[in-house]
Amino acid sequence: MDIKTASSLHRLRLVSAPEAVSFILLMIASVLKRTTEFNAVPALGMIHGILFVIYVLFWLDAWNRTKWELKTAALYFILSVLPFGGFVAERKLKRAADDAVIASRARSVGKVGA
């Protein structure tokens with residue numbers, strides 16, 4: 001894996017958890033808006049919208065660089081629209097990055113022909 005691919009996956013991983021948190025906070029704010037006088041939906045909606053757009057841009061970049069199959073790319077997109085999906089995406093991306101590092105080290109030592 002080259003450095004640009006690794007950095008695109010890292011960027012996607014970094015934005016996935018904050019995007020998930022903003023989505024959950026927006027859902028909580030929506031409930032509070034309807035049940036109390038508290039209305040944080042406009043501010044949280046804008047924050048979530050910006051984070052979602054950034055996630056989609058980073059997702060497109062990662063898909064382009066990694067040449068994911070359509071199934072894998074669709075999974076990461078679907079995870080972005082599920083309430084806790086960003087946390088799952090972050091874990092999967094971290095696991096994939098760790099596996100790539102291990103494989104790279106094994107190749108550099110000459111232990112594996114992968």
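## Histidine 48

Histidine 48 counts as buried because its relative accessibility is 12%, under the 20% cut-off. The residue sits in helix α2, which spans residues 41–66. Beyond its neighbours within four places in sequence, histidine 48 is in contact with Glu19, Ser22, Phe23 and Leu26.

## Confidence

This is a predicted model. Mean pLDDT for the chain is 90. Of the residues, 96% reach 70 or more.

Among the elements of the chain, α2 has the highest mean pLDDT, at 95. Helix α4 (residues 85–109) has the lowest, at 85. Histidine 48 therefore lies buried in the element with the highest mean value.

## Packing of α3 and α4

Helix α3 covers residues 70–80. The axes of α3 and α4 come within 7 Å. They cross at roughly 140 degrees.

From α3, the contact uses Leu75, Tyr76 and Leu79. From α4, it uses Gly85, Gly86, Val88, Ala89, Lys92 and Leu93. By class, the residues of this contact are six nonpolar, two polar and one charged.

## Second largest pocket

The second largest pocket has a volume of about 180 Å³. Its lining has 11 residues. Closest to the pocket centre are Trp68, Tyr76, Lys92, Leu93 and Ala96.

Helices α3 and α4 each supply at least two lining residues. α4 gives the most, with five. The lining divides into seven nonpolar, two polar and two charged residues.

Technical notes
Residues numbered from 1 in each chain as written. Predicted model: local features only at pLDDT ≥ 70, side-chain atom pairs only at ≥ 80, totals over all residues. Heavy atoms only, no water. Helix = DSSP H or I, 4+ residues; strand = E, 2+ residues; numbered from the N terminus. Buried < 20%, exposed > 50% of the residue type's maximum accessible area, 1.4 Å probe, protein only. Contact = heavy atoms within 4.5 Å. pLDDT = per-residue confidence, 0-100. Axes fitted to C-alpha atoms, helices over the stretch in contact; angles between N-to-C directions. Nonpolar A, V, L, I, M, F, W, Y, C, P; charged D, E, K, R; others polar. 1 Å grid on protein atoms, 1.4 Å probe; cavity = no way out; pocket = protein on both sides within 12 Å on 5 of 7 lines; lining within 4 Å. Points joined across faces, edges and corners; volume = space filled by probe spheres on them.
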